[in-house]
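Subject: Structure for your files

Dear colleague,

Here is the structure I said I would pass on. Please look it over first; my notes come after it.

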Amino acid sequence: MEPSFRRSLNCCGRKRRAGSAFSKATKEEFVLELNNLKGDNNIAVIAKEIEKLGKHIKTYSVGAFPAFCLQLHSVLTVQEILDMRLRDVYLCVNGNIRVKESVSGGKNVVKLTDDVRREMAWYAMQRLKVRNAKEEQLGAFLCVNKQGKQLQKQVYRKMLERASGEIGLSRVYNSGYLRCLYGYLEIAYGNKTVDDVAEEYGVERYYLLNRMFKGMSIEYDRKLLEEVASISEGGVLYV
(Lines give C-alpha, C1' and ligand atoms only; values in the text may rest on other atoms or scores of the structure.)
Protein backbone atom coordinates (compact mmCIF):
# COMPACT_ATOMS: atom_id res chain seq x y z
CA MET A 1 0.00 0.00 0.00
CA GLU A 2 1.34 3.40 -0.92
CA PRO A 3 2.09 5.67 2.06
CA SER A 4 -0.41 8.23 0.80
CA PHE A 5 -3.19 5.71 1.28
CA ARG A 6 -1.95 4.50 4.66
CA ARG A 7 -1.50 7.76 6.48
CA SER A 8 -4.16 10.12 7.63
CA LEU A 9 -5.16 13.71 7.97
CA ASN A 10 -5.16 15.24 11.41
CA CYS A 11 -8.78 16.26 11.76
CA CYS A 12 -10.43 18.47 14.35
CA GLY A 13 -14.16 19.11 14.39
CA ARG A 14 -17.20 19.56 16.56
CA LYS A 15 -19.09 16.55 17.82
CA ARG A 16 -22.11 15.34 15.90
CA ARG A 17 -25.09 13.40 17.10
CA ALA A 18 -24.09 9.80 17.67
CA GLY A 19 -24.93 7.69 14.65
CA SER A 20 -26.29 10.55 12.56
CA ALA A 21 -23.94 9.81 9.67
CA PHE A 22 -24.02 6.01 9.84
CA SER A 23 -27.01 3.87 8.88
CA LYS A 24 -27.53 0.51 10.57
CA ALA A 25 -27.16 -1.24 7.23
CA THR A 26 -23.84 0.48 6.51
CA LYS A 27 -22.36 -0.51 9.88
CA GLU A 28 -23.50 -4.13 9.62
CA GLU A 29 -22.20 -4.33 6.05
CA PHE A 30 -18.83 -2.94 7.14
CA VAL A 31 -18.35 -5.58 9.84
CA LEU A 32 -19.66 -8.47 7.73
CA GLU A 33 -17.45 -7.72 4.75
CA LEU A 34 -14.37 -7.03 6.88
CA ASN A 35 -14.77 -10.41 8.56
CA ASN A 36 -15.29 -12.15 5.21
CA LEU A 37 -12.15 -10.80 3.53
CA LYS A 38 -9.88 -13.60 2.39
CA GLY A 39 -6.26 -13.84 3.52
CA ASP A 40 -4.30 -14.28 6.70
CA ASN A 41 -4.35 -10.59 7.51
CA ASN A 42 -7.43 -8.47 6.82
CA ILE A 43 -5.49 -5.22 6.99
CA ALA A 44 -3.03 -6.36 4.30
CA VAL A 45 -5.93 -7.35 2.02
CA ILE A 46 -7.71 -4.03 2.53
CA ALA A 47 -4.47 -2.13 1.87
CA LYS A 48 -3.95 -3.89 -1.47
CA GLU A 49 -7.54 -3.32 -2.53
CA ILE A 50 -7.44 0.38 -1.64
CA GLU A 51 -4.26 0.76 -3.68
CA LYS A 52 -5.87 -0.97 -6.69
CA LEU A 53 -9.00 1.13 -6.42
CA GLY A 54 -7.03 4.37 -6.13
CA LYS A 55 -5.02 3.60 -9.26
CA HIS A 56 -8.19 2.71 -11.16
CA ILE A 57 -9.90 5.97 -10.19
CA LYS A 58 -6.82 7.99 -11.13
CA THR A 59 -6.83 6.37 -14.57
CA TYR A 60 -10.51 6.26 -15.49
CA SER A 61 -12.42 8.61 -13.13
CA VAL A 62 -9.87 11.29 -12.30
CA GLY A 63 -12.51 13.91 -11.42
CA ALA A 64 -13.70 11.74 -8.53
CA PHE A 65 -10.26 11.21 -7.03
CA PRO A 66 -10.42 13.99 -4.39
CA ALA A 67 -13.62 12.49 -2.97
CA PHE A 68 -12.01 9.06 -2.70
CA CYS A 69 -8.77 10.41 -1.23
CA LEU A 70 -10.31 12.79 1.31
CA GLN A 71 -12.98 10.28 2.37
CA LEU A 72 -10.33 7.68 3.03
CA HIS A 73 -8.21 10.07 5.09
CA SER A 74 -10.69 12.12 7.12
CA VAL A 75 -14.11 12.27 8.74
CA LEU A 76 -15.40 14.64 6.06
CA THR A 77 -18.66 13.40 4.58
CA VAL A 78 -18.83 12.72 0.87
CA GLN A 79 -21.29 15.59 0.37
CA GLU A 80 -18.97 18.03 2.16
CA ILE A 81 -16.21 17.06 -0.27
CA LEU A 82 -18.42 17.19 -3.37
CA ASP A 83 -19.54 20.71 -2.41
CA MET A 84 -15.94 21.98 -2.30
CA ARG A 85 -14.48 24.28 -4.93
CA LEU A 86 -10.88 24.16 -6.09
CA ARG A 87 -10.20 27.29 -4.02
CA ASP A 88 -11.09 25.32 -0.89
CA VAL A 89 -8.02 23.13 -1.43
CA TYR A 90 -5.66 25.28 -3.54
CA LEU A 91 -4.13 28.76 -3.45
CA CYS A 92 -2.79 30.86 -6.30
CA VAL A 93 0.42 32.56 -5.12
CA ASN A 94 2.15 34.84 -7.63
CA GLY A 95 0.73 32.79 -10.47
CA ASN A 96 1.68 29.44 -8.92
CA ILE A 97 -0.82 26.87 -7.63
CA ARG A 98 -0.19 25.59 -4.10
CA VAL A 99 -2.04 23.05 -1.95
CA LYS A 100 -3.36 24.47 1.31
CA GLU A 101 -2.12 23.06 4.60
CA SER A 102 -5.68 22.54 5.81
CA VAL A 103 -9.17 22.46 4.34
CA SER A 104 -12.65 23.04 5.76
CA GLY A 105 -15.75 20.97 5.16
CA GLY A 106 -18.94 21.70 7.05
CA LYS A 107 -17.90 22.26 10.67
CA ASN A 108 -14.67 20.26 10.32
CA VAL A 109 -11.21 21.74 9.81
CA VAL A 110 -8.83 19.14 8.39
CA LYS A 111 -5.04 19.45 8.42
CA LEU A 112 -3.53 17.71 5.40
CA THR A 113 -0.53 15.44 5.81
CA ASP A 114 2.38 15.71 3.38
CA ASP A 115 1.31 12.52 1.59
CA VAL A 116 -2.24 13.73 1.04
CA ARG A 117 -0.92 17.09 -0.17
CA ARG A 118 1.20 15.25 -2.73
CA GLU A 119 -1.89 13.43 -3.95
CA MET A 120 -3.81 16.69 -4.22
CA ALA A 121 -0.85 18.29 -6.03
CA TRP A 122 -1.04 15.45 -8.56
CA TYR A 123 -4.74 16.13 -8.99
CA ALA A 124 -4.12 19.86 -9.47
CA MET A 125 -1.89 19.08 -12.43
CA GLN A 126 -4.71 17.09 -14.03
CA ARG A 127 -7.10 20.04 -13.80
CA LEU A 128 -5.07 23.25 -13.82
CA LYS A 129 -2.08 25.09 -15.16
CA VAL A 130 0.07 25.19 -12.04
CA ARG A 131 2.44 27.78 -13.52
CA ASN A 132 1.33 31.19 -14.81
CA ALA A 133 -2.04 30.42 -13.27
CA LYS A 134 -4.92 32.76 -12.58
CA GLU A 135 -7.10 32.96 -9.47
CA GLU A 136 -10.21 32.55 -11.62
CA GLN A 137 -9.27 28.91 -12.31
CA LEU A 138 -10.05 28.03 -8.71
CA GLY A 139 -13.75 28.82 -8.93
CA ALA A 140 -14.64 25.43 -10.43
CA PHE A 141 -15.87 22.48 -8.37
CA LEU A 142 -13.18 20.24 -6.87
CA CYS A 143 -14.84 16.99 -7.99
CA VAL A 144 -16.25 16.89 -11.51
CA ASN A 145 -17.80 14.43 -13.92
CA LYS A 146 -16.51 13.79 -17.44
CA GLN A 147 -18.41 16.84 -18.69
CA GLY A 148 -16.64 19.07 -16.18
CA LYS A 149 -19.74 19.66 -14.06
CA GLN A 150 -20.07 19.09 -10.31
CA LEU A 151 -19.86 15.40 -9.47
CA GLN A 152 -23.11 14.18 -7.95
CA LYS A 153 -23.30 11.77 -5.03
CA GLN A 154 -25.24 9.11 -6.92
CA VAL A 155 -22.76 9.22 -9.82
CA TYR A 156 -19.86 8.84 -7.37
CA ARG A 157 -21.64 5.90 -5.76
CA LYS A 158 -22.19 4.15 -9.09
CA MET A 159 -18.57 4.79 -10.08
CA LEU A 160 -17.33 3.08 -6.91
CA GLU A 161 -19.66 0.13 -7.51
CA ARG A 162 -18.55 -0.24 -11.13
CA ALA A 163 -14.85 0.14 -10.34
CA SER A 164 -15.01 -2.37 -7.48
CA GLY A 165 -16.48 -4.94 -9.85
CA GLU A 166 -14.19 -4.22 -12.78
CA ILE A 167 -10.99 -4.78 -10.80
CA GLY A 168 -12.35 -7.74 -8.84
CA LEU A 169 -12.37 -6.40 -5.29
CA SER A 170 -13.75 -8.55 -2.48
CA ARG A 171 -16.66 -6.15 -2.01
CA VAL A 172 -18.05 -2.80 -3.17
CA TYR A 173 -16.04 0.02 -1.63
CA ASN A 174 -18.98 2.44 -1.42
CA SER A 175 -18.85 5.83 0.29
CA GLY A 176 -20.42 4.51 3.51
CA TYR A 177 -17.85 1.74 3.75
CA LEU A 178 -14.97 4.16 3.09
CA ARG A 179 -16.24 6.41 5.88
CA CYS A 180 -16.19 3.56 8.41
CA LEU A 181 -12.93 2.24 7.02
CA TYR A 182 -11.14 5.53 7.69
CA GLY A 183 -11.50 5.22 11.46
CA TYR A 184 -10.75 1.51 11.52
CA LEU A 185 -7.49 1.92 9.58
CA GLU A 186 -6.40 4.89 11.67
CA ILE A 187 -6.50 2.59 14.68
CA ALA A 188 -5.07 -0.45 12.85
CA TYR A 189 -2.01 1.48 11.63
CA GLY A 190 -1.35 3.06 15.02
CA ASN A 191 -1.96 6.62 13.84
CA LYS A 192 -4.64 7.17 16.48
CA THR A 193 -6.12 5.41 19.49
CA VAL A 194 -9.71 4.23 19.75
CA ASP A 195 -10.51 7.29 21.88
CA ASP A 196 -8.94 9.62 19.30
CA VAL A 197 -11.09 8.18 16.51
CA ALA A 198 -14.26 8.28 18.60
CA GLU A 199 -13.63 11.97 19.27
CA GLU A 200 -13.12 12.64 15.55
CA TYR A 201 -16.40 10.97 14.65
CA GLY A 202 -18.11 12.82 17.50
CA VAL A 203 -19.29 9.64 19.24
CA GLU A 204 -18.53 7.87 22.50
CA ARG A 205 -15.99 5.05 22.69
CA TYR A 206 -18.74 2.51 23.41
CA TYR A 207 -20.70 3.61 20.35
CA LEU A 208 -17.64 3.39 18.10
CA LEU A 209 -16.71 -0.14 19.17
CA ASN A 210 -20.15 -1.66 19.67
CA ARG A 211 -22.35 0.14 17.15
CA MET A 212 -20.03 1.19 14.33
CA PHE A 213 -17.59 -1.74 14.61
CA LYS A 214 -20.25 -4.08 16.09
CA GLY A 215 -18.00 -5.28 18.91
CA MET A 216 -15.38 -6.58 16.48
CA SER A 217 -11.87 -6.57 17.89
CA ILE A 218 -9.35 -4.26 16.25
CA GLU A 219 -6.86 -6.11 14.07
CA TYR A 220 -3.61 -4.17 14.02
CA ASP A 221 -1.15 -4.11 11.16
CA ARG A 222 1.16 -7.09 11.69
CA LYS A 223 4.34 -5.26 10.66
CA LEU A 224 3.51 -2.46 13.06
CA LEU A 225 3.03 -4.89 15.95
CA GLU A 226 6.39 -6.53 15.21
CA GLU A 227 8.06 -3.13 14.97
CA VAL A 228 6.66 -2.00 18.32
CA ALA A 229 7.60 -5.37 19.85
CA SER A 230 11.14 -5.05 18.40
CA ILE A 231 10.78 -8.38 16.61
CA SER A 232 12.38 -9.26 13.27
CA GLU A 233 12.19 -12.47 11.22
CA GLY A 234 15.39 -13.68 12.82
CA GLY A 235 14.19 -13.05 16.35
CA VAL A 236 14.40 -10.01 18.58
CA LEU A 237 15.63 -6.80 17.01
CA TYR A 238 17.53 -4.84 19.65
CA VAL A 239 17.17 -1.09 19.26
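This is a predicted model: local features need pLDDT of at least 70, side-chain atom pairs count only at pLDDT 80 or more; totals for chains, interfaces and linings use all residues.

Residues are numbered from 1 along each chain as its sequence is written, and side-chain values use heavy atoms, with hydrogens and water left out.

The protein chain has eleven helices and seven strands (DSSP runs numbered from the N terminus: helices are H or I with at least four residues, strands are E with at least two). Of its 239 residues, 48% are buried (under 20% relative accessible area; exposed is over 50%, partly exposed in between; 1.4 Å probe, protein chains only). Among contacts (heavy atoms within 4.5 Å) between residues at least 6 apart in sequence, 69% join residues at least 24 apart.

β2 and β3 run antiparallel and are joined by four bridges (two strands pair if DSSP finds at least two bridges between them). Tyrosine 90 stands opposite valine 99 in β3. The two strands form a hairpin with two residues between them.

Asparagine 94 lies in the loop between β2 (90–93) and β3 (96–99). Its phi is positive, about 50 degrees, although asparagine 94 is not a glycine. Asparagine 94 counts as exposed because its relative accessibility is 76%.

Serine 230, in the loop between α11 (222–228) and β6 (231–232), is a non-glycine residue with a positive phi, near 60 degrees.

Regards
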